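Okay, thanks for making time, everyone.

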Amino acid sequence: MFNNLLANNTCDLEEDIVNGRKTLVYYLGKARSVTVTKITFLFSFVWLFVLAFLGLAPWTVLLLVVLLPKSWKNLQAYFHVQDKQKTFPIVLKALGGIMIWYPVLYCVGSFLPALF
């Protein structure tokens, strides 16, 4: 969710400046904000392994790694141009998949032991 908000604020930076809103993007600038988005996006996939290894999430959440290559490829348009109309919907779609599939895979992994 942080990445969605950061991407939204990156797309709205000029409007936010005019309206006097000082978001994280205001202080970091667009280039650094996009870099933070990239890092936190990749970190979210690394974190899946940490959660599974520590037993804080079932191993099924690791199946989300399958989304990484396609999501990363789709996000390239946003990484190059931060536009609310053209590239922000791509961000929502790419990151929305993670937000939808994580709880689904978590629930499936939680119920699997009870079935076997």
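So, at roughly what angle do the axes of H4 and H5 cross, and within what distance do they come? They cross at roughly 175°, and the axes come within 12 Å. Angles over 145 degrees count as roughly antiparallel, so H4 and H5 are roughly antiparallel to each other. Before I go on, keep in mind that this is a predicted model.

Let me stay with that pair for a moment. On the H4 side, the residues in the contact are Val 34, Thr 37, Lys 38, Phe 41, Leu 42 and Phe 45. Facing them from H5 you'll find Leu 68, Ser 71, Trp 72, Leu 75, Tyr 78 and Phe 79. Sorted by class, the contact of H4 with H5 has nine nonpolar residues, two polar and one charged.

Right, let's zoom out. If you look along the principal axes, the C-alpha trace spans about 60 × 25 × 20 Å.

Next pair: H5 and H6. Their axes come within 8 Å and cross at roughly 155°. That again makes the two helices roughly antiparallel to each other, and H5 passes H6 in a left-handed crossing. From H5, the contact takes in Leu 67, Ser 71, Asn 74, Leu 75, Ala 77 and Tyr 78. From H6 come Ile 90, Val 91, Ala 94, Gly 97, Ile 98 and Trp 101. By class, the contact of H5 with H6 splits into nine nonpolar, three polar and no charged residues.

Is Ser 71 buried or exposed? Buried: its relative accessible area is 6%, and buried means under 20%. Ser 71 sits in helix H5. Setting aside residues up to four places away in sequence, Ser 71 touches Phe 41 and Ala 94.

H4 covers residues 30–53 and H6 covers residues 88–115, and they pack at an angle of about 20° with their axes 12 Å apart. That makes H4 roughly parallel to H6. The crossing of H4 past H6 is left-handed. Phe 41, Phe 45, Leu 48 and Leu 51 of H4 make the contact with Leu 95, Ile 98 and Tyr 102 of H6. What classes of residue are in the contact of H4 with H6? Seven nonpolar, no polar and no charged.

Which brings us to the nonpolar core. The largest one has 19 residues, and the members touching the most others are Phe 41, Leu 75, Tyr 78, Val 91 and Ile 98. H1, H4, H5 and H6 are the elements giving two or more residues to this core, and H6 supplies the largest share, with six.

Let's look at Phe 41 on its own. What does Phe 41 touch, not counting residues up to four places away in sequence? Asn 3, Leu 68, Ser 71, Trp 72, Leu 75, Leu 95 and Ile 98.

That Asn 3 takes us to H1, residues 2–11. Seven of its ten residues are buried, so H1 is largely enclosed by the rest of the structure. The buried residues in H1 are Asn 3, Asn 4, Leu 6, Ala 7, Asn 8, Thr 10 and Cys 11. And what covers them? The cover includes H2 (13–18), H3 (24–28), H4, H5 (67–80) and H6.

Last stop, a loop residue. Where is Thr 23? You'll find Thr 23 in the loop between H2 and H3. Thr 23 is buried too, with a relative accessible area of 16%. Leaving out neighbours within four places in sequence, Thr 23 is in contact with Asn 9 and Asp 16.

Notes
Residues are numbered from 1 along each chain as its sequence is written. This is a predicted model: local features need pLDDT of at least 70, side-chain atom pairs count only at pLDDT 80 or more; totals for chains, interfaces and linings use all residues. Side-chain values use heavy atoms; hydrogens and water are left out. Axes are lines fitted to C-alpha atoms, for helices over the stretch in contact, and angles run from 0 to 180 degrees between N-to-C directions. Helices (H or I, at least four residues) and strands (E, at least two) are DSSP runs, numbered from the N terminus. Angles under 35 degrees count as roughly parallel, over 145 as roughly antiparallel, 65 to 115 as roughly perpendicular and the rest as oblique. A crossing is left-handed if the near helix is turned anticlockwise from the far one by less than a right angle, and right-handed if clockwise. Contact means heavy atoms within 4.5 Å. Ala, Val, Leu, Ile, Met, Phe, Trp, Tyr, Cys and Pro count as nonpolar, Asp, Glu, Lys and Arg as charged, and the others, Gly among them, as polar. Buried means under 20% relative accessible area, exposed over 50%, partly exposed in between (1.4 Å probe, protein chains only). A nonpolar core is a set of buried Ala, Val, Leu, Ile, Met, Phe, Trp, Tyr and Cys residues joined through side-chain atoms within 4.5 Å.
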